[in-house]
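Have the sequence and the fold open while you read.

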Amino acid sequence: MRTRSILITGASRGLGAALAHAYAAAGVDLILTARSEEALASVCSDCRSSGAKVSCIPLDLTSEASIDEALAEIKLIGLPDLLIANAGVYSGRQANGMLEPRAEQNQQLSVNLLGTIQFLDQCAQGMKDRGSGHLVLISSLAAIQPQPDSPAYSASKAGLAFWGRSMAEDLADHGVQISIVYPGHIESQQTEMQVGALPGLMPAPRAAEIIRQGIDKKRARIIFPRHLYWLILVSNLLPGWLRRRVNRPFRYHVARDDRPE
Ligand SMILES: NC(=O)c1ccc[n+]([C@@H]2O[C@H](COP(=O)([O-])OP(=O)(O)OC[C@H]3O[C@@H](n4cnc5c(N)ncnc54)[C@H](OP(=O)(O)O)[C@@H]3O)[C@@H](O)[C@H]2O)c1
């Protein structure tokens, strides 16, 4: 049986780690990236125990040098068949009612959008030259229902989804597929920071399984949980004043450990 090679960014914890565990098996070459070397090494070791061959590559998406170094290593290993761009950071309104500080807005745009695009650009070109590949972008339901308490995050995820949709038009003619994933709330460090209602919250392994099934079916869009998606579509038909009233119980703030609240 042919070995399948899969690259996952942001694999040190949360959804990325759950995806790595979901794919780890004999006959699979995993390439896992993140900044936290110890946490990443631990996920890599678990995946090796499940029979996968694993390469760990340090990657900081805010650093051009780090992106170039990671891409050079990936070139040596060989471009993956499947690349899941999962790494992302999250922030939003503070407990005092102000939006997050500018540094956090910049960080979200830098990791979720600019760094991710820069990393994906070269991989997409390589796949296009090869004539095969599958890119999966982890966006968010926030790209469909913009979050008034996380405007920078919503913009970063909508930007990533639009980048993917733009690229898909060209890549499809060269044997390269793009899937865009729009998840709702998943149990992780990201949702631990969110103080407020978390409708439809699901464990990361369950989310990873839904994504895996969508990837297997080569879906262009993977959106979940479905009931929340339908509620969003219906709420968007309401007049603005009523939609804001309906959405009021879902407003939140974000309590980050690295910020004085
Ligand atoms: N949790 C949710 O409810 C939810 C909902 C919708 C979409 N998402 C998206 O799903 C993805 C995974 O989120 P999660 O909930 O698993 O969050 P998480 O637990 O905070 O994990 C984020 C991952 O991204 C990596 N990362 C952070 N900054 C990075 C940087 N500068 N360069 C490279 N990697 C970096 C982290 O690793 P290091 O810190 O080790 O670098 C970590 O592995 C994100 O794109 C997120 O926006 C999450």
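## Where α4 meets α5

On the α4 side, the residues touching α5 are Gln 105, Gln 108, Leu 109, Asn 112, Leu 113, Thr 116, Ile 117, Leu 120, Asp 121, Ala 124 and Lys 128. They meet Ala 152, Tyr 153, Ser 156, Lys 157, Gly 159, Leu 160, Trp 163, Met 167, Asp 170 and Leu 171 from α5. Sorted by class, this contact has eleven nonpolar, six polar and four charged residues. Keep in mind that this is a predicted model.

As for the geometry, α4 spans residues 102-130 and α5 residues 151-171, and their axes come within 8 Å. The two cross at roughly 15°; angles under 35 degrees count as roughly parallel, so α4 and α5 are roughly parallel to each other. The crossing of α4 past α5 is right-handed.

## The sheet

Now to the strands: seven of them make an open, parallel sheet, ordered β3-β2-β1-β4-β5-β6-β8. The edges belong to β3 (53-58) and β8 (221-224); each has a single partner strand, so one side of each has no neighbour in the sheet. On average, neighbouring strands are turned by 15° against each other, direction ignored.

Zooming in on one pair, β1 (residues 4-8) and β2 (residues 28-34) run parallel and are joined by five bridges. Across that pair, Ile 6 sits opposite Leu 30 of β2.

## α1 on the sheet

Which strands does helix α1 lie across? With residues 14-23, α1 lies across β1, β2, β4 (82-85) and β5 (133-138). Relative to β1, the helix α1 runs at about 170°.

Conventions
Residues are numbered from 1 along each chain as its sequence is written. This is a predicted model: local features need pLDDT of at least 70, side-chain atom pairs count only at pLDDT 80 or more; totals for chains, interfaces and linings use all residues. Side-chain values use heavy atoms; hydrogens and water are left out. Two strands pair if DSSP finds at least two bridges between them. Helices (H or I, at least four residues) and strands (E, at least two) are DSSP runs, numbered from the N terminus. Axes are lines fitted to C-alpha atoms, for helices over the stretch in contact, and angles run from 0 to 180 degrees between N-to-C directions. Contact means heavy atoms within 4.5 Å. Angles under 35 degrees count as roughly parallel, over 145 as roughly antiparallel, 65 to 115 as roughly perpendicular and the rest as oblique. A crossing is left-handed if the near helix is turned anticlockwise from the far one by less than a right angle, and right-handed if clockwise. Ala, Val, Leu, Ile, Met, Phe, Trp, Tyr, Cys and Pro count as nonpolar, Asp, Glu, Lys and Arg as charged, and the others, Gly among them, as polar.
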